[in-house]
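Here are my notes on this model. Please read them with the structure open.

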Amino acid sequence: MQWRVPLVDLAYGDEEKQAVLKVLDSHWLTMGGVTQQFEKEFARFVGAEHAVAVSNATVALHLACLAAGLGPGDEVIAPSLTFVATANAVLYTGAQVRFADIISETDLTLSPQAISALIGPRTKAIIVMHYAGFPCKMQAILEIASQHGLAVIEDAAHAAGAWLDGKHLGVWGDVGCFSFFSNKNLATGEGGMIVTNRSDLAEKARLLRSHAMTSVTWDRHQGRYYTYDVVELGYNYRIDEIRSALGLAQLEKLEVNNARRRAITRRYWDGLKNTGLVLPFHASDGAPGIIPSCHIFPCLLPAEIERTRFIDAMRSEGIQTSIHYPPVHQLTYYEKKYSPPRLPITETAASREVTLPLFPTMSDEQIEQVMSGVKASLATSLGGGKPA
Ligand SMILES: *Cc1c(COP(=O)(O)O)cnc(C)c1O
């Protein structure tokens, strides 16, 4: 389908091409000098002591859970309004997930009160997810965590280039996980990063990333070692030099691209505020200390609008939309696994949510097309009304 306005588009240029060609010419394809530089520059950018580059954010979350010591018998409190990988990473370790509700229809992040209500003798950790790159209530959540001796893992997949009170998201808790999947703010195709200020967690993640081998191929290439031992059950969660080179080129542009995302978000908020749509996070605009990454633009349809009709009407205008997210606790696998928890705010918000196109290279004309498309589609999508 040829969209007039696609949901996302890459902000790629000649820099990315040149970066890849340089790697090809170097004849070294997997974890080496470029990856080390990507880790160093990403750590400096977010202000973390350590950064460990991996294949994607799903395995970053898995390693974060393992490094935090999670295993069978443990429970982890997590949001349901997230991508399924947030919860899957917990289950990979043998630990169980307890889903907590979000704050409200206008703040789609995990509710500190809901977290507190779920803490029990088996609770070991909290995973937060900074929805759309807007910060969770980190002060309150860290306080709860320290009262109960819980680890805090941040799913920062949406949050590259997002700050709260001068501190980058992902470095508030014990360990943070970033995604560089194709549709994220910093895109390398596949890719992820673990950041932490704790050297014990960084060491563990580094070890498990590459089969828990005591030396990696790069070290042996450098002539430092000629053999290796394996000291734990590890994985191959490595990244390659091509993706790390793309990551360095994208990191260079991240702040400019995010500034454009914020400007587009403000245009949407301003142009759509009187349409009956609920606009999450709008109230945080201009709040001191909050610099969001504006990874996606969520809005909630009025109750009388039929969502599938609205999405179809947008499609007929050539505008692609998406849904973030079908709640994890309602996905078949999770619904069968756990007796369904009651998450009323997550359930209503998720059933009315639609994500509008947002990417840094969007033209002003495309922004206007989306907003007039929304208004026209709302008018034709009343439940039980005449067909669009
Ligand atoms: C994209 C995403 C992930 C998974 O990232 P991958 O790099 O694709 O594994 C996890 N959590 C959230 C919230 C995401 O948006």
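1. A term to begin with. A polar contact is a pair of N or O atoms within 3.5 Å; within protein, one must be able to donate a hydrogen and the other to accept it, and residues adjacent in sequence count only if both atoms are side-chain atoms. The model is predicted: local features need pLDDT of at least 70, side-chain atom pairs count only at pLDDT 80 or more, and totals for chains, interfaces and linings use all residues. Numbering runs from 1 along each chain as its sequence is written, and side-chain values use heavy atoms, without hydrogens and water.

2. For aspartate 155, a side-chain N or O atom is 2.8 Å from a nitrogen of the ligand. Histidine 158 places a polar side-chain atom 2.9 Å from a ligand oxygen. The protein buries 92% of the 380 Å² that the ligand exposes when taken alone (Shrake-Rupley method, 1.4 Å probe).

3. The shell around the ligand has 7 nonpolar, 7 polar and 2 charged residues. Here Ala, Val, Leu, Ile, Met, Phe, Trp, Tyr, Cys and Pro count as nonpolar, Asp, Glu, Lys and Arg as charged, and the others, Gly among them, as polar.

4. Now look at threonine 123. Its place is in strand β4 (residues 123-129); strands are DSSP runs (E, at least two residues), numbered from the N terminus. Threonine 123 counts as buried because its relative accessibility is 9%, and buried means under 20% relative accessible area (1.4 Å probe, protein chains only). A polar atom of its side chain lies 2.8 Å from the backbone nitrogen of glycine 120.

Definitions and conventions: Helix = DSSP H or I, 4+ residues; strand = E, 2+ residues; numbered from the N terminus. Buried < 20%, exposed > 50% of the residue type's maximum accessible area, 1.4 Å probe, protein only.
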